[in-house]
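Visitor: Could you show me how to read a helix and its surroundings, taking one feature at a time?

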Amino acid sequence: MPRIAGSVENVPNSRIRELGEMALSMNGVLRLYFGESNLPTPEYIKQAAVRALAEGYTYYTENAGLPSLRRAIAASYARLQGVELDPASEIVVTASGMQALNMAIRCALDPGDEALVLTPAWPNGSACVQMANACVRQIPQPLCGERYAIDFGALEAALTPRTRLLLYTSPSNPLGWVATVDDQRRLLDFAQRHNLWLIADEVYDRLFYAGRGPGDPAPSILRLATRDDAVMVVHSFSKSYCMTGWRLGWLIARRDAASKATQLNEFVISHAPSFTQRAGEIALAEGEDELLRMLDRLKENRDLCLDALSSGTGILAPKPDGAFYLFPRIEGLDDSFDFCRRLLLEERVGLAPGVAFGAGGEGSIRICYAAERSILEPAMERLLRFHRAGR
Ligand SMILES: Cc1ncc(COP(=O)(O)O)c(C=O)c1O
């Protein structure tokens, strides 16, 4: 009997999914395990998709995505990040941030290569490295006081002659940490000195609470990189526009990598759905007011949850500057999956276990605070009750 190839057999399960699947089979669960809001996609985006269907956006598009959408992405980088991009050669539309991440990694790694990944991190990056038959070296970000840092010593120590890539996420899922310009300068310098690709997952860049003005994005690595740097940026419509189910994202890359990713797109999915791409274009053009409202709500939610957690003993919850997660560390916790499983079964609160996020994640739990207050308030109450009871 032919067997499943060993290389894919070894790709681990997402433990967020494992918990999520368990919760999906149950009723009455307060669902804070996936990285999404329970609010629907805004009406103006849905209507844009309906119009696009009526207008005939039902055929194949270019592998790199609709030129008009690529121009809209370039325009939004010029406006928000002060970065000029060539829509014809540096932007590839993808069917999700997940696909952009996968293609970026495939373009950077050969089988047997090694990738450094800053963790705790969304596990899918590490899994993609494994799907490319390459090896992951996870480098935990230490908590220094109230802020996460980057352990450059550990990064240097993990280098081998096969290291080809450094992947980091800012704003971070699950930490909410946002790389400062100085952090980015050092990451870029590290990658340049060691001849590595640098992949920045920036899917949460619009969910940033520490900007100078409302709606300021977290600074992109593209502000520092030149067009010739081996830098790729992964992005998505999922988080800023409540479009998780639509599967639409993009990749920004050096021209040769963008061109290769465009070609590979043909053999993966050909292109993102045509009418979805049109809706994404409208989201970028008209979404600012809705996004600002969402940011206000998210900030309130973050503060509500932090406030609730501060009343629990032995819970350390650093205040995040971006994304929509809290990643509290719980004193004495050494099996976060079991903690989350029991919390789900006994209190009907679904969270993601810290262990799912790789090295440095065990001992914490991830709370997605993008849900409404009517869900967050009882969820915090039940979590604290469960914790107090030492269950
Ligand atoms: C850090 C990070 N990158 C990428 C993604 C992918 O988003 P999507 O595939 O929905 O576009 C997610 C989703 O949770 C994420 O948290």
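This is a predicted model: local features need pLDDT of at least 70, side-chain atom pairs count only at pLDDT 80 or more; totals for chains, interfaces and linings use all residues.

Visitor: What span should helix α11 have at 1.5 Å a residue?

Guide: Helices are DSSP runs of H or I with at least four residues, numbered from the N terminus, and the expected span is 1.5 Å times one less than the number of residues. For the 23 residues of α11 (288-310) that gives 33 Å, and the end C-alpha atoms are 33 Å apart, which agrees.

Visitor: Which residues of α11 are buried?

Guide: An α-helix has 3.6 residues a turn, so residues three or four places apart point the same way. Buried means under 20% relative accessible area with a 1.4 Å probe, protein chains only; in α11 the buried residues include L291, L295, L298, R302 and L309. Their cover includes α13 (373-388) and β16 (365-368).

Visitor: At what angle do the axes of α11 and α13 cross?

Guide: Axes are lines fitted to C-alpha atoms, for helices over the stretch in contact (heavy atoms within 4.5 Å), with angles from 0 to 180 degrees between N-to-C directions. Here the axes come within 10 Å and cross at roughly 15 degrees, which makes α11 roughly parallel to α13 (under 35 degrees). The contact is made by residues including L304 and A308 of α11 and L376 and M380 of α13.

Notes: Residues are numbered from 1 along each chain as its sequence is written. Side-chain values use heavy atoms; hydrogens and water are left out. Helices (H or I, at least four residues) and strands (E, at least two) are DSSP runs, numbered from the N terminus. Buried means under 20% relative accessible area, exposed over 50%, partly exposed in between (1.4 Å probe, protein chains only). Angles under 35 degrees count as roughly parallel, over 145 as roughly antiparallel, 65 to 115 as roughly perpendicular and the rest as oblique.
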